[in-house]
Amino acid sequence: MTTIHASPPSTEPDMPLQRVARQALRDHWKLFAVRGAMLMAFGLAAILLPTVAALTFDILVGWPATAGRLLGPYVGINLTFIGLDLLLAAIGVHATQP
């Protein structure tokens, strides 16, 4: 009969990817902390200034749809879907309402 001896869990990860990720976190923790603080500040600004956040969303998402509609006839393909355009327009109108 064979006996199986369970080894205690090690504190070091067994996978090389986990070791690389831990080392990257150790090396660049300040950058991750700054990025987290920036994302929290932007989130707070979006909550406090919803009109600015809605306008920013419309600009960031709307310009590719507009460019696709303008360039579509020249390129010869439909670069965006009409349903996506309508959805984005509805979101933009709803987001800018007081």
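Reader: How many helices and strands does the protein have?
Author: The protein has four helices and zero strands. This is a predicted model, and its pattern along the sequence reads α-α-α-α.

Reader: What does the protein average in pLDDT?
Author: The average pLDDT is 76, with 66% of the residues scoring at least 70.

Reader: And where is confidence lowest, and where is it highest?
Author: Confidence is lowest in helix α4, residues 82–96, where the mean is 71. The highest value belongs to helix α2, residues 29–48, at 91.

Reader: OK, other topic. What percentage of the residues count as buried?
Author: The protein has 98 residues, and 9% of them count as buried.

Reader: Which residues make the nonpolar surface patch?
Author: Leu44, Ile47, Leu48, Leu49 and Val52 make a nonpolar patch of about 520 Å².

Reader: Which element gives the patch its largest share?
Author: That is α2, with three residues.

Reader: What about Leu49, where is that?
Author: Leu49 is placed in the loop between α2 and α3.

Reader: Switching to Gly92. Which helix is it in?
Author: Gly92 sits in helix α4, the helix where confidence is lowest.

Reader: Does Gly92 count as buried or exposed?
Author: Gly92 counts as buried, because its relative accessibility is 8% and the cut-off for buried is under 20%.

Reader: How many residues apart in sequence are Gly92 and Phe57, and what is the spacing in space?
Author: Gly92 and Phe57 are 35 residues apart in sequence. In space, the two are 7.9 Å apart, C-alpha to C-alpha.

Technical notes. Residues are numbered from 1 along each chain as its sequence is written. This is a predicted model: local features need pLDDT of at least 70, side-chain atom pairs count only at pLDDT 80 or more; totals for chains, interfaces and linings use all residues. Side-chain values use heavy atoms; hydrogens and water are left out. pLDDT is the predictor's confidence in each residue, from 0 to 100. Helices (H or I, at least four residues) and strands (E, at least two) are DSSP runs, numbered from the N terminus. Buried means under 20% relative accessible area, exposed over 50%, partly exposed in between (1.4 Å probe, protein chains only). Patches are made of residues with over 30% relative accessible area and no salt bridge: like charges are joined within 9 Å, nonpolar side chains (Val, Leu, Ile, Met, Phe, Trp, Tyr) within 5 Å. Accessible areas come from the Shrake-Rupley method with a 1.4 Å probe; for residues, only the protein chains shown count as cover. A salt bridge is a side-chain nitrogen of Lys or Arg within 4 Å of a carboxyl oxygen of Asp or Glu.
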